[in-house]
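This report describes one structure, beginning with a contact between a charge and a ring. It then turns to the core, the salt bridges and the backbone.

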Amino acid sequence: YSNVMYILAADVPDDVKISNISFNSITFLMDVSWMPIVFDGGEPLIEYKFYLLKKNFGLNDLSNYVEIPGCMNLNTNLSCSFNVNLLLLPPFNYLPGDQINATVIASNIKGISKIKNYTFPMISKPVKPSDILRGDFT
């Protein structure tokens, strides 16, 4: 028998995989859910954060993404929701038919997971904020 002990140094968590993004045309909410990470890096998970990529920005730089209100500091929750009309506004300015890029980042005391980009189409015509005020949903 060997008395050798292997020690795995703490690291950042695994990448997070988004499992579903859906749009509710009644509530105008975009619902996002993701799979729990397999490896937490050997340190307790602190939080998950959901980000959307600014339109026409590079995919691999987290500074090109924006944390979404209501989808920050989620601890260990595996889902969040946000108003789809947010996608029409700066810095996003998405239009129906555009491809939207999103990522979820997990963090522990050693750092954050890598960006795992998830692309989905703007499948429904969102309502312009001015239309909401007028009550025009067509």
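## A charge over a ring

A charge is taken to sit over a ring if NZ of Lys or CZ of Arg is within 6 Å of the ring centre and within 35 degrees of the ring normal. Lysine 54 meets this rule with phenylalanine 57, its charged end lying 5.0 Å from the centre of the ring.

## Basis of the description

The model is predicted; local features need pLDDT of at least 70 and side-chain atom pairs count only at pLDDT 80 or more, whereas totals for chains, interfaces and linings use all residues. Residues are numbered from 1 along each chain as its sequence is written, and side-chain values use heavy atoms, with hydrogens and water left out.

## The nonpolar core

A nonpolar core is a set of buried Ala, Val, Leu, Ile, Met, Phe, Trp, Tyr and Cys residues joined through side-chain atoms within 4.5 Å. Here buried means under 20% relative accessible area, exposed means over 50%, and partly exposed lies in between (1.4 Å probe, protein chains only). The largest such core has 31 residues, and those with the most contacts inside it are Met30, Val32, Phe50, Leu52, Phe82 and Leu87. At least two of its residues come from each of β1 (18-24), β2 (29-34), β3, β5 (79-83) and β6 (99-108). Strands are DSSP runs (E, at least two residues), numbered from the N terminus.

Contact means heavy atoms within 4.5 Å. Apart from its neighbours within four places in sequence, phenylalanine 82 has contacts that include Phe28, Met30, Phe50, Ile68, Cys71 and Leu87.

## Aromatic pairs

Tryptophan 34 belongs to strand β2 and tyrosine 48 to strand β3, so the pair ties together parts that are 14 residues apart in sequence. Both tryptophan 34 and tyrosine 48 are buried.

## Salt bridges

A salt bridge is a side-chain nitrogen of Lys or Arg within 4 Å of a carboxyl oxygen of Asp or Glu. The structure holds three. Glutamate 47, in strand β3 (residues 47-53), pairs with lysine 49, the closest N and O atoms being 3.5 Å apart. Glutamate 67 also forms a salt bridge with lysine 49, at 3.6 Å. That pair links distant parts of the chain, with glutamate 67 in strand β4 (residues 65-67) and lysine 49 in strand β3, 18 residues apart. Relative accessible area is 14% for glutamate 47, which is buried, and 26% for glutamate 67, which is partly exposed; lysine 49 counts as buried at 18%.

Aspartate 98 and lysine 55 meet in a salt bridge of 2.8 Å, N to O. Aspartate 98 lies in the loop between β5 and β6 and lysine 55 in the loop between β3 and β4, 43 residues apart. Aspartate 98 is buried at 18%, whereas lysine 55 is partly exposed at 23%. Shared partners join Glu47, Lys49 and Glu67 into one network of salt bridges.

## Backbone features in the loops

A cis peptide bond, with omega about 10°, joins proline 90 and proline 91. Proline 91 is in the loop between β5 and β6.

Phenylalanine 28, in the loop between β1 and β2, has a positive phi near 60° although it is not a glycine. Phenylalanine 28 is buried at 18% relative accessibility. Asparagine 56, in the loop between β3 and β4, likewise has a positive phi, of about 65°, but is exposed at 74%.

Conventions. Helix = DSSP H or I, 4+ residues; strand = E, 2+ residues; numbered from the N terminus.
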